[in-house]
Amino acid sequence: MIAIVMRKELATTLRDGRLLVLGLSLFVLFAGFFLFSSYQLQAQRLEKQRVGATAKEQWNSQSVKNPHAAAHYGIYVFKPDLPSAAIDPGLTPFTGQSLWLEPHKRNLTRFNPSADDVLANRFGQATSSFVLYALLPLLIVALSFNSVSQERERGTLRMLHSLGVAPRALLFGKLLGLLTAFWLVMSPAVLLAGLTLAGQFELAIDDLLRLSLLMAGLLAYYTVFAALSIAASAYFRTSRNTLFCLLGFWMGSVFVAPRLGAAIGDVLAPNPSASQFWDAIKTDIAQGLPGDGSKQQRETAFEAQVLAQYGVASKEQLPVGFVSLNRQYNDVYSSKVHQLHFDRLRANFATQQQLAHLAGWLGPSLALRSLSMAIAGTDLAHQRDFEDAAERYRRYFIDLTEDWDRERSHGTERSAKGAETDWRSVRDFAYAVPTVGFSLKASLLPLAVLGAWLGAALWLLAHSARRLAP
């Protein structure tokens with residue numbers, strides 16, 4: 001029976017002029033945003049490679065100089081993008097794309113693309129992901145708000161009831177028919193996205209898995225809207241009331257919930273200002289963490305330890321460069337303080353994210369957006385992974401230059417020199433974006449929220465079938 005209803009609903013929906021007009025309009029919108037986004041992503045990739053290679057060559061070709069002075073020249077590293085970022089750029093427009101690595105200090109990422117936008121663009125980000133999570137559910141609502149109520153108004157629901165059509169088979173058949181028609185109309189957009197990504201990027205197995213998971217997440221998301229729309233159509237007596245109710249739910253899910261979630265996070269877990277953040281780091285380095293003593297006390301104790309280790313009476317008698325030794329000691333402590341404050345800041349970001357998901361119970365859109373960003377590698381978790389890898393690389397090349405400085409000098413002299421062969425021996429920054437397993441682990445809460453919405457929507461549809469009256 002479900003198959004018969006599904007075929008009838010599929011044929012009815014495909015003949016409906018609303019599907020053709022709205023589907024074609026949304027396809028044009030999606031195609032335009034997606035093609036622009038994929039072109040922009042490809043251009044950014046090439047620019048990052050070109051600038052990165054230039055910056056590394058400038059590092060390699062430094063003249064003869066002190067190794068520590070060479071380290072202060074610094075190295076730029078760039079965050080790579082996955083092909084799926086063309087579908088959902090996520091936080092990429094707002095987070096920095098590169099890190100400048102230098103001695104003594106851990107920097108934040110810089111050069112976010114939104115800084116180059118004109119003012120008007122900052123009021124809204126029109127992207128292909130906006131079409132997927134915001135506009136396509138509206139198409140489902142437009143197609144299904146009168147799927148049952150119209151039959152009741154025309155009297156055909158009473159006729160179906162007299163023929164012995166089971167209400168559950170009727171509603172779930174309508175759901176399957178609606179989703180099938182929806183995906184048939186959307187298939188050109190899926191085909192366009194697949195062909196474009198395959199033509200512009202080399203898709204690895206991990207990329208294909210990410211795209212498959214994104215499709216599965218979208219299927220669950222659209223099923224929620226379709227099931228709720230048909231359930232509402234079965235519950236309300238008139239199509240007009242059903243439409244008002246569904247539009248309210250759509251607006252609450254797509255527009256209200258994300259902003260409400262962000263506001264809850266800002267109020268309950270506010271972030272420190274930039275000046276407060278850097279001042280706290282500077283103070284902790286100068287005054288020391290609890291029990292560590294001030295910078296002067298730490299340096300005095302370290303000097304005594306070094307003199308005892310080498311069995312000499314003064315710094316000038318040391319067989320290695322004390323200036324470099326002392327600098328390395330201070331850098332280790334500085335990295336420890338930076339790590340502490342960065343971890344606190346990130347923990348606060350995570351708390352804000354958890355609080356924001358409280359608003360996800362107003363609708364499934366926030367959960368879908370979080371899941372989509374994680375799969376596309378454009379969320380906070382992937383940003384943090386890149387920054388941690390860059391920090392490990394910073395410590396590597398800073399330690400290497402300090403080793404050269406210490407081994408090529410004696411006592412308190414500063415005569416150590418390095419040449420181009422030294423600079424070229426510093427290995428390149430090699431960073432690989434984590435696999436899709438990392439994305440799934442980082443999005444357990446959005447997955448749970450989306451799953452809960454799917455379960456609730458299907459239960460509500462089944463419940464509506466039990467209460468369905470002609």
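**Notebook: helices H8 and H17**

I began with a pair of helices, and found that H8 passes H17 in a left-handed crossing (the near helix is turned anticlockwise from the far one by less than a right angle). Helices here are DSSP runs of H or I with at least four residues, numbered from the N terminus.

A note on what I am reading: this is a predicted model, where local features need pLDDT of at least 70, side-chain atom pairs count only at pLDDT 80 or more, and totals for chains, interfaces and linings use all residues. Residues are numbered from 1 along each chain, and side-chain values use heavy atoms, without hydrogens and water.

Next I looked up the geometry. The axes (lines fitted to C-alpha atoms over the stretch in contact, with angles from 0 to 180 degrees between N-to-C directions) of H8 (residues 205-235) and H17 (residues 444-467) come within 8 Å and cross at roughly 30°. That makes H8 roughly parallel to H17 (angles under 35 degrees).

Then I checked who meets whom, with contact as heavy atoms within 4.5 Å. H8 brings residues including Gly217, Tyr221 and Ala234, and H17 brings, among them, Leu450, Trp453 and Ser464.

I turned to the largest nonpolar core, which has 68 residues. Such a core joins buried Ala, Val, Leu, Ile, Met, Phe, Trp, Tyr and Cys residues through side-chain atoms within 4.5 Å; buried is under 20% relative accessible area, with a 1.4 Å probe and protein chains only. Tyr221 and Leu461 are among the residues with the most contacts inside this core. H8 gives the most to this core, with 15 residues.

Last, I followed Tyr221: leaving out residues up to four places away in sequence, its contacts include Leu132, Pro364 and Leu450.

Definitions and conventions
Helix = DSSP H or I, 4+ residues; strand = E, 2+ residues; numbered from the N terminus. Parallel < 35°, antiparallel > 145°, perpendicular 65-115°, else oblique. Buried < 20%, exposed > 50% of the residue type's maximum accessible area, 1.4 Å probe, protein only.
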